[in-house]
Amino acid sequence: MPLLLLDLDNTLLDREGPFRAWGEQFLASIGAPAADIDWLLSIDADGLTDRWDIADAIRDRYALRIPSIDLVEELHDGVVAYTRLDPLVACALRIADGAGWVPVVVTNGAVRQQDAKIRGTGLDRYVADWVISEEAGVSKPNPRIFALAAQRVRMPLRGAWVIGDGPEADIGGAAAIGLPSVWLHRGRTWTDGRFAPTYTVDGLIAAVATVLGA
């Protein structure tokens, strides 16, 4: 029963779509031009920018008097509200489980938001457990967070696979502990010369199929 170590955002759950949906609704609510969604997406940097920095950037651009902490709460809750679990992803996880794999989520981020997404979408019913960097005190690509995930379900890392869309966090993390990996390219080209994914696919369904067939 090997481990299947899975990233959360833009791997198991779409993040780009919910963030865009929230951003468009928020910009409309403050009377900002609809075209400013491109600015907001660039500031977000695919989720890599700290939420407090995004909140401050929004306040400065639109001269808002909303406290930064309220904007951070809006960012957290708004994205969660738009997040849904794709039934095909749920099906793929069930197939993996039926084939003897143990799916565990390994994600960077804040406990409040990541836990809410996992539970709120029903993803918790399809995975054995999850590890969130804020709670763990260590982030991907540090090998310790993957070791913690294995400990959480009392299983060895030997034989595990890593699936994710993050070149550094997911594929770099897998390389650091000597595990095979599947990279979800999302229309991007691999450019990092330090390490490379074992396989490259276009989505979670294909990734699970690749692991099961390897």
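1. Ground rules. Residues are numbered from 1 along each chain as its sequence is written, and side-chain values use heavy atoms, with hydrogens and water left out. As the model is predicted, local features need pLDDT of at least 70 and side-chain atom pairs count only at pLDDT 80 or more, while totals for chains, interfaces and linings use all residues.

2. Helices H1 and H2. Helices here are DSSP runs of H or I with at least four residues, strands are runs of E with at least two, and both are numbered from the N terminus. H1 (residues 16-29) packs against H2 (residues 37-44) at about 130°, with the axes 10 Å apart; axes are lines fitted to C-alpha atoms over the stretch in contact, and angles run from 0 to 180 degrees between N-to-C directions. The pair is therefore oblique (under 35 degrees is roughly parallel, over 145 roughly antiparallel, 65 to 115 roughly perpendicular, and the rest oblique).

3. Who meets whom. On the H1 side, Phe19, Arg20, Trp22, Gly23, Glu24 and Leu27 meet Ile37, Leu40, Leu41 and Asp44 of H2, where contact means heavy atoms within 4.5 Å.

4. Helix H9. Spanning residues 167-176, H9 has as its buried residues Ala169, Asp170, Ile171, Gly172, Gly173 and Ala174 (buried is under 20% relative accessible area, exposed over 50%, partly exposed in between, with a 1.4 Å probe and protein chains only). Their cover includes helix H8 (143-152) and strands S4 (161-164) and S5 (181-184). Just after H9, Gly178 takes a positive phi of about 70°.

5. Asp170. Do have a look at this H9 residue, which counts as buried because its relative accessibility is 3%. The Asp170 side chain reaches the backbone nitrogen of Gly166 at 2.8 Å and that of Asp165 at 3.3 Å. Leaving out residues up to four places away in sequence, Asp170 touches Asp7, Lys140, Val162, Gly164 and Asp165.

6. A cis bond. Lys140, one of the residues touching Asp170, is joined to Pro141 by a cis peptide bond with omega near 15°. Pro141 sits in the loop between helix H7 (133-136) and H8.

7. Most residues other than glycine have a negative phi. Asn10, in the loop between strand S1 (3-6) and H1, has a positive phi near 60° and is buried at 10% relative accessible area. Ala45, in the loop between H2 and helix H3 (51-62), has a positive phi of about 55° and is partly exposed at 31%.

Definitions and conventions
Polar contact = N/O pair within 3.5 Å; in protein donor to acceptor, adjacent residues only side chain to side chain.
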